[in-house]
Amino acid sequence: MKKISKYYSTLLASIILFGCSSDDKTVDQVLDGVTNGAILRTIDIDNNLVYNDITTRFETGSDYTIILEEQDASNGELLSEVEIYARFVENTRVDTNGDNVVNDEDDNLSTEEGLIRTLTAADFGTGERGVPTSTITFTAEELVSFTGVDESKIEGKDDFALRFVLKLTDGRSFSVDDASGNVSGGSYFSSPYTYRTTIGCSITESLAGTYSYEITRLISAPGETSNCPAAPLTGEVIWEDTDTPGEYTTSDISFGQFDSCYVDVFSKITFDDILVVWDCTNLVAEGKIETVEANTGKEDEFSYVYTITATSGSEMTIEFGNSKGDQGTVTITRPDGKDWPMLLQR
């Protein structure tokens, strides 16, 4: 059975006020400074946009929902309308500098912004706080159709960018350029006026198994306590399924680097939530190794970063490093000669 992994946007979270708090003071200060102003406060976001690389289509039911609350000096009476603009943003075809790779006109899938929807005051109900509130949902079909992007060329981690413009009955309007830090990113207001609907991807198979690996390059961190041996180093690493598709426990997040470079250095080593996560076109090392140095009693921790540099058939080459500066290059081979999924070959 196909396994689907949904990556939910963690851009914003709502914070409900109870009684008197520092947030109450922030609200008073902001509203006192903009007597006739207004904001769109983010209450909740549900990003359910999931793309299937096999069918080259969004999964059935893919959508993006955001709940907004309008606040103004007249408890919502100034609300006239809200314009919503949308565009498609390609994030997956980039070079080592993070710039989009464009070989010809067809390679750049990003589109210009356009007005996708206009909400009137009638599209808002009265929320728990007595001010206008609206639940806004965009289906994948609507976003694809409006932006005109070729759906067959979309990849997980691309996104649709949404921008909101709040218009008042007195003729004034507010959008991203009008929001101060307290308004756009504050713990209470959370009103950035812009949202990036990062697209998740379908996980169509499990990567669980026993992998052989060979480290072909290994460099000790400068000025640190590591003493890495000369490459090559070989071994095996075991990935096991968790309850979340696309997440795997791993027997060694460092492919033997940590044990080889830090022999007899630590008196205590603890592994905290060590995982390898299949994040669409990438493998992500999560968790940390917590340590206590034997000679000094100093506590420290190591985290790891993977960068896939080449994938061919059953072999994948990864540049990896840890937070202390140790670096290496490893080639890992899938069990039974299985090819890596097409998503990870990009």
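A disulfide joins Cys-201 to Cys-280, with 2.3 Å from S to S. Cys-201 sits in strand E12, while Cys-280 belongs to the loop between E16 and E17, so this pair ties together parts that are 79 residues apart in sequence. Keep in mind as you look around that this is a predicted model. The torsion about the S-S bond is -120°, and the link of Cys-201 and Cys-280 is left-handed. Both ends are hidden away: Cys-201 is buried, and Cys-280 is buried too.

Let's follow each end of this link in turn. On the Cys-201 side, strand E12 takes part in an open sheet of 3 strands, in the order E3-E2-E12, with mixed pairing. Strands E3 (57-58) and E12 (200-201) are the edge strands, each pairing on one side only. Strand E2 (residues 50-52) runs parallel to E12, and 2 bridges join them. In that pairing, Cys-201 of E12 is the bridge partner of Tyr-51. Strands of a sheet pair through backbone hydrogen bonds, either parallel or antiparallel.

On the Cys-280 side, we reach a hairpin. E16 and E17 form it with 2 residues between them, and Cys-280 in the turn has a positive phi of about 60°. How many bridges pair E16 with strand E17 (residues 282-293)? There are 11, and the pairing is antiparallel. As one example, Val-276 has Ala-285 in E17 as its bridge partner. E16 (residues 266-279) also pairs with strand E15 (residues 247-250), in the antiparallel sense over 3 bridges.

Cys-228 counts as buried because its relative accessibility is 14%, and Cys-261 is buried with a relative accessible area of 2%. Counting bonded cysteines along the chain, the disulfides follow the pattern 1-4, 2-3.

Ser-226 lies in the loop between strand E13 (209-219) and strand E14 (233-241). Is Ser-226 buried or exposed? At 11% relative accessibility, Ser-226 counts as buried. Its side chain makes a polar contact with the side chain of Asp-326 at 2.8 Å, and the side chain of Ser-226 also reaches the backbone nitrogen of Ala-221 at 3.3 Å. Leaving aside neighbours within four places in sequence, the residues in contact with Ser-226 include Cys-261 and Tyr-262.

Now turn to helix H2 (residues 140-147), whose buried residues are Ala-140, Leu-143, Val-144 and Thr-147. These residues cover an arc of only 95° around the axis, which puts them on the same side of H2. The face turned away from that buried side carries the exposed residues Glu-141 and Ser-145. Just after H2, Gly-148 takes a positive phi of about 75°.

Our last stop is Thr-311, in strand E19 (residues 304-312). The side chain of Thr-311 reaches the backbone oxygen of Leu-344 at 3.1 Å.

Definitions and conventions:
Residues numbered from 1 in each chain as written. Predicted model: local features only at pLDDT ≥ 70, side-chain atom pairs only at ≥ 80, totals over all residues. Heavy atoms only, no water. Pairing = 2+ DSSP bridges. Helix = DSSP H or I, 4+ residues; strand = E, 2+ residues; numbered from the N terminus. Buried < 20%, exposed > 50% of the residue type's maximum accessible area, 1.4 Å probe, protein only. Polar contact = N/O pair within 3.5 Å; in protein donor to acceptor, adjacent residues only side chain to side chain. Contact = heavy atoms within 4.5 Å. Arc of directions from axis to C-beta. Disulfide = S-S within 2.5 Å.
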